[in-house]
Amino acid sequence: MSAVREWAASQGSKLSEAVAVNNIGKWKTATQMIALTILLSSRDSSNGILASGGVALLYASSGLAVWSLVVYGRKIWKVLLR
């Protein structure tokens with residue numbers, strides 16, 4: 001996503017505004033960090049429920065990444081079609 005932001009910044013202010021940071025990315029990062037913390041802390045234990053929760057959070061962060069891509073894509077598309 002940072003490469004898209006860099007490209008948008010070089011193209012002009014309207015496109016740069018379209019790819020401004022939003023809260024979805026912040027939630028995705030937080031979800032990833034929590035998931036990885038859980039997975040790393042439960043790797044030596046026999047608590048499968050905790051590890052499953054970590055994997056579920058990792059899948060959730062992947063979903064948020066795709067959602068963020070769609071949001072950015074729509075914003076960029078609207079600016080490019082003008």
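Show the surface of the whole chain in this predicted model. The accessible surface comes to about 5,900 Å², and 64% of that area belongs to carbon and sulfur atoms. Buried residues make up 20% of the 82 residues in the chain.

Now switch to the cartoon view. The chain has four helices and zero strands, and the pattern along the sequence reads α-α-α-α. The radius of gyration is 17 Å, well over the 12 Å that the globule rule gives for 82 residues, so the chain is more spread out than a compact globule. Along the principal axes, the C-alpha atoms fill a box of roughly 55 × 15 × 15 Å. Of the contacts with a separation of 6 or more, 58% are between residues 24 or more positions apart.

Next, select residues 23–41, which form helix α3. The helix has 19 residues and reaches 27 Å from its first C-alpha to its last, close to the 27 Å expected at 1.5 Å a residue. Go to the start of α3 and show N22 and I24: a side-chain oxygen of N22 reaches to within 3.1 Å of the backbone nitrogen of I24.

Stay on α3 and colour its buried residues, which are I24, T31, A35 and I38. Why do they lie on the same side of α3? They cover an arc of only 65° around the axis, which puts them on one side together. An α-helix has 3.6 residues a turn, so residues three or four places apart point the same way. The buried residues of α3 pack against α4, residues 48–80. Turn the view to the face of α3 directed away from the buried side; the exposed residues K26, T37, L40 and S41 are there.

Move on to S42, in the loop between α3 and α4. Is S42 buried or exposed? Its relative accessibility is 5%, and buried means under 20%, so S42 counts as buried. Leaving aside neighbours within four places in sequence, S42 is in contact with L50 and A51.

Finish in helix α4 by selecting L58. This residue has a relative accessible area of 30%, so L58 is partly exposed. Which residues does L58 touch, not counting those up to four places away in sequence? They are A35, L36 and L39; A35 is also one of the buried residues of α3. Last, draw a distance from L58 to K26: the two residues are 32 residues apart along the chain, and their C-alpha atoms are separated by 14 Å. K26 is among the exposed residues on the face of α3 turned away from its buried side.

Terms used:
Residues numbered from 1 in each chain as written. Predicted model: local features only at pLDDT ≥ 70, side-chain atom pairs only at ≥ 80, totals over all residues. Heavy atoms only, no water. Helix = DSSP H or I, 4+ residues; strand = E, 2+ residues; numbered from the N terminus. Expected span 1.5 Å × (residues − 1). Buried < 20%, exposed > 50% of the residue type's maximum accessible area, 1.4 Å probe, protein only. Arc of directions from axis to C-beta. Contact = heavy atoms within 4.5 Å. Polar contact = N/O pair within 3.5 Å; in protein donor to acceptor, adjacent residues only side chain to side chain. Rg over C-alpha atoms; globule rule 2.2 N^0.38 Å. Areas by Shrake-Rupley, 256 points an atom, 1.4 Å probe, with all protein chains shown as cover.
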